[in-house]
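Colleague: I'm new to this one, and I'd like to go through its charged pairs. Could you put it up on the screen?

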Amino acid sequence: MPLTSEMRITRSELECVAAKKQQYPEPDVPEIAFVGRSNVGKSSLLNLITGRKSLARVSGNPGKTRTINFYRINDSFRIVDLPGYGYAKAAKNVTRDWGRMMEEYFETRPNLRTVVQLVDCRHEPSVQDRQMFEYLKYYELDRIVVLTKTDKISRSELNKNTAVIKRSLELDERHVIVPVSALKRTGEDLLLSEIGKVLEEE
């Protein structure tokens, strides 16, 4: 699917880092949030679609993102990087704080348009993945599911795993599935095109 010129990201910058509502930037532009399990490849994907090598910090240590990071894109919308969930070694009080942080954002942010959920294509969605997707469905924020790390498996395995993921999350024709590989730099055009469609519905 071709990218429109309007959706080519030409400018991106970290605008705000927040842990609570009072620290959010003004809701003056639409926001597209990204969420996924710890170490699913979220930072690598954000760097891929923005064309920046280190806009989002990539770490080998899961659970690195402990804040909500707001990125201003093309001076017209924001990408919002939410904390990774499901990191088993995180202390219970830390994971509880992350959950509250995300709930506050989801439930109070008036300019949030949709949430892109990342799922590792190599595995069946975890309990936390399914819980998150059900949560997004409840708030009608479910629309785009990104399958990460597609370079790690063969095309036939990807097709088989995609079917498993669709069944597990109960995806239907309303949902868009976008396979991506940050390593091979594939999938970003389709993802940005789908984000563009969401923004055009303003």
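**Charged pairs, one by one**

Modeller: Let's start with Glu31 and Arg78, whose side chains meet in a salt bridge at 2.9 Å, N to O. Glu31 sits in strand β2 and Arg78 in strand β4 (residues 77-81), 47 residues apart, so this pair links distant parts of the chain. Bear in mind that this is a predicted model: local features need pLDDT of at least 70, side-chain atom pairs count only at pLDDT 80 or more, and totals for chains, interfaces and linings use all residues. Residues are numbered from 1 along each chain as its sequence is written, and side-chain values use heavy atoms, with hydrogens and water left out.

Colleague: What makes the contact between Glu31 and Arg78 a salt bridge?

Modeller: The rule asks for a side-chain nitrogen of Lys or Arg within 4 Å of a carboxyl oxygen of Asp or Glu. Here the N to O distance is 2.9 Å, so the pair passes.

Colleague: And why is Glu31 called buried?

Modeller: Buried means under 20% relative accessible area, exposed means over 50%, and partly exposed is in between (1.4 Å probe, protein chains only). Glu31 comes out at 0%, so buried is the word. Arg78, at 1%, counts as buried too.

Colleague: What about Arg72 and Asp28, how do you know that they form a salt bridge?

Modeller: Their side chains meet at 3.6 Å, N to O. Arg72 lies in strand β3 (residues 68-73) and Asp28 in the loop between β1 (12-18) and β2 (31-36), so the pair ties together parts that are 44 residues apart in sequence. Strands here are DSSP runs of E, at least two residues; helices are runs of H or I, at least four, and both are numbered from the N terminus.

Colleague: Why is Asp28 called partly exposed?

Modeller: Its relative accessible area is 49%, so Asp28 falls in the middle class. Arg72, at 15%, counts as buried.

Colleague: Which residues are linked in a network of salt bridges?

Modeller: Glu15, Asp28, Glu31, Arg72, Arg78 and Arg109. By the same rule, the count comes to 15 salt bridges.

Colleague: What makes Glu188 a case without a salt bridge?

Modeller: Glu188 is buried, and the nearest side chain of opposite charge, Arg185, is 5.1 Å away. Lys and Arg count as positive, Asp and Glu as negative, while His and the chain ends are not counted. Glu188 is found in helix α5 (residues 188-200). Leaving aside neighbours within four places in sequence, Glu188 is in contact (heavy atoms within 4.5 Å) with Leu48 and Ile49.
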